[in-house]
Structures are given as structure tokens and as C-alpha cells.
Amino acid sequence: MWIPDSFFSSLLSGRISTLRDETGAIFIDRDPTAFAPILNFLRTKELDLRGVNINILRHEAEFYGITPLVRRLLLCEEIERSSCGSVLFHGYLPPPGWSLHWSRGGVPPNLSRAPRSAVVDPRKVLIVAGHHNWIVVAYAHFVICYRIKESSGWQQVFSSPYLDWSIERIALNAKVVGGPHGDKDKMVAAASDSNIILWSIQDGESGNEIGVFSLGVPVDHLFFIGNQLVATSHTGKVGVWNAVTQHWQVQDVVPITSCDTAGSFLLLGCNNGSIYYIDMQKFPLRMKDNDLLVTELYHDPSNDAITALSVYLTPKTSISGNWIEIAYGTSSGAVRVIVQHPETVGSGPQLFQTFTVHRSPVTKIMLSEKHLVSVCADNNHVRTWTVTRFRGMISTQPGSTPLASFKILSLEEVESHGSYSSGNDIGERSRGHLWMGPPSHPGGTCSLDTVTAAFRCGTSPLPWT
């Protein structure tokens, strides 16, 4: 028994009296229908929720003392009654059918000689990313794109060829303007180690491979800014591919510890205490000069490494342009907010506020219209503030009382996989949706909220199972 102190461990150890029938089998007076998925979970640690009443199953799991199963079912119930937004989709997406050509041998090609510990379950959903009405789902060795229509729901529109390497990052752009095949292009990219493969997908047609590129070092973040595919590495390399020029360019910067995007700008937080930016609107002209025009925007007054970065662009007004606000965290635990007035673009952003509430490096940060959230490395200590504004501009005063402060003491162990997001994986904004990385979830189901969208992903049963 891999779950200690459960009903079954107590039953088998004799701590609970048993009632047996004439054959000697132990009789348990509980719902036999709900017991089948529980037994399957104990055997495989996987769960198929199709046709199952989650409330009844959780009640039975609590009776049997199966804590990991109870936690998973509580997550499912939370999705259904979430106050963060309406659930747009929570259901089953059929797995790709093309895998049948290698299914008869039981093991995908190129993996039959691999060590058993190195083989990743090819049915398991590893990453999910979304953009507009498209999502891309990454399995171990291929990606699938789905599109939703009001009349027909989710439809599979692209399935990549089998890849010899395991996918670690994906990115999706469902609204390409001025691409090589017109404005109807969609683009999806996948990365493993230092290699990146990029496909173009046209409506009503199969996808075409644009090319395979190399960053030269492991890719840490993969995402699109407009028509540009961007890859960054903590070693200090930045790679950019432009849809108009079809040109891939790599440039060295100082070691990168965080990044975020703001409109056409890519911002890089580095270990030397500087925040650099690249203006993608300068492309493709500057790419011909082999110069990405990496420019220093701000330097931390304490020379601490910029370990987390979040940019908020205020809505444009009739009087002036965007008021740029940047929140960043440092290796010493400081949280700073800097602002850039539209009228003082040439002078650079000014330090607006400093919070010294963390004692360990800040690992994540998020600045929005109403809130500032930071997380540090000390037991995932989370601190949140309410942001006050005057005429749309930030006016939070120093020493503001935190909205909340807490630590995450323990998390259910799940496999960690990179995703589509830029440096700040608290969330990525896309047409009113917040996309978050996928916690482990059984049954091949996923859900999408209008405000807080969390994909719960696990194993998708293939057609031959």
C-alpha cells in the first residue's frame, strides 16, 4: 500500500475488525460503483472521471482515507464552483489518432532501446498553452493544436510529426499579422534543450515546418511577441525569429534571471542588476545588421540581480500614451516598483516604491491594475498588496498594509515542465484570460476559466487501450 494510514492499511493490519463471507472474502458495506475508480487509482495513481459523480467519489475517498485522491477531487470541485470566473471548458479532448502506426509494438520508435527510467509515457499531456481561440497540447514527442468554434466546439486542426527528442517548451501565436502566407497564419513552436522547431498552420490546411533553429544553449523561455518568436536562456543568449524576413538571430547578453513582455518590448532582468529591453518594432531592419539593439533601461540601486519581473501598461489616454509600470524582485528579497512617464521617455523610469518584506530571493512577481503579488524562495512566501490608483496612474504609498501574507508549506509532488510563458509564469494575459501552467490532473481533462484559467492535465487514454 503506497498510502499509509488508510482504511485498507488499517484493515489488513488488524486494527479494524473484518466481516467475511462464506468464501473468506472481506465484506465492506460501501458503494461498489464508486469503488471501481478508487481501486484503479490505488493501482495506477491515475483517475478517469468520465461518468463519475465527483462529490460521491470524494465522500468515499474520505471514508477510505485516501488523501492524495481527496486532494485531486477537491481541485476538480473547485473548478466547478470557482468564483474567479466562468468555466468555458472542462472536459475531454480526444487524443491524436496518428499514434496508431507505432502502437502495435507497445513502445514508440527510438525509445525501444532507451532505459526504462528515461521513457516518458507518450499518452501523458505535459504542457498546455493558449492564444485567442486556439490551444496547443504538448505530449512527450508531438504537439496537437485545437481550435474552438461556437457551432462545433473544440476541433483538432494540427498534429505534428513524431519528434525524436522530448518536448520541454511550447509557444503558440494564433493571430499572425503579415506572415509568409498572409494574415491567416498560425504558428506553433516546440523546444527541447537548445533546439527549436517552428511550424506554420493555415486555415483548412495541414501545417508546414518553417525550420529548426538552435540557441546553442538550453532554452529556458519560449514565446511570441507579435510575429517574432523569442527564445531566452539563463546563460545570457537571446534568439529571435522574424516572420517577415524568415531570419533567425542569436545575440549574447549578460546572464538572464527573469524576463517579461510589454507590447512590442521584451524586458530582460539580469544578474548584474540591470533591466534591458529590446524593441521588436525595430525589426526587421535591425536584424539585417545582426544587432538586436539590447538597451539598458534601469539599474537596481543595490546592484542586486533582477530575479523576477512584471510589466503593466496603463490604458492609453487622449492626453498621453502608456504609463509604464514595472515591478521587479531581487536576489536580496527587495520588491521595487519603477514607473515611466509618457512625457519623460528620454530620462528613463524612476524608482517609485520599495518593499523589504522578503528575506530570500524573489522568485515570482505580478503587477496588475489592482494588485501586486510577490513570491520568495523561503517556503514560497507569498505577499500581496492592493494597488491604489489616481486617474489610472499608480499612487500606492510606501508602507502600505499588505492585503495578505502566507507561506505554502507543502505541495503535492508533481512533475515540473516548462511552458509557454515569458519570465513570469504567474500568468499570461490573453484576451481577458489568464493562462497558468498545468498542475497534475488525471483523466485527460482540462478546463479554462475566463479570468483564472487552469489546465488540469494528465494521461489521455489512446484509442487502442
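Q: Is Leu-372 buried or exposed in this predicted model?
A: Let's start with where the residue sits: Leu-372 belongs to strand E25, residues 371-376. Its relative accessible area is 3%, and buried means under 20%. Leu-372 is therefore buried.

Q: What is the separation of the C-alpha atoms of Leu-372 and Trp-385?
A: Leaving aside neighbours within four places in sequence, Leu-372 is in contact with residues including Val-335, Phe-355, Ile-365 and Trp-385. Along the chain, Leu-372 and Trp-385 are 13 residues apart. Their C-alpha atoms are separated by 5.1 Å.

Q: Which residue in E7 stands opposite Tyr-146?
A: Strand E6 covers residues 143-149. E6 and E7 run antiparallel and are joined by six bridges. Opposite Tyr-146 stands Gln-156.

Q: How many residues does the largest nonpolar core have?
A: Elements giving two or more residues to this core include E4, E5, E6 and E8. Among the residues with the most contacts inside the core is Val-143, and Val-143 is in contact with Val-136, Ile-170 and Trp-199, among others. Another core, with Phe-8 and Ile-66 among its members, lies apart from it and has 19 residues. The largest core has 20 residues.

Conventions
Residues numbered from 1 in each chain as written. Predicted model: local features only at pLDDT ≥ 70, side-chain atom pairs only at ≥ 80, totals over all residues. Heavy atoms only, no water. Pairing = 2+ DSSP bridges. Helix = DSSP H or I, 4+ residues; strand = E, 2+ residues; numbered from the N terminus. Core = buried A, V, L, I, M, F, W, Y, C linked by side-chain atoms within 4.5 Å. Buried < 20%, exposed > 50% of the residue type's maximum accessible area, 1.4 Å probe, protein only. Contact = heavy atoms within 4.5 Å.
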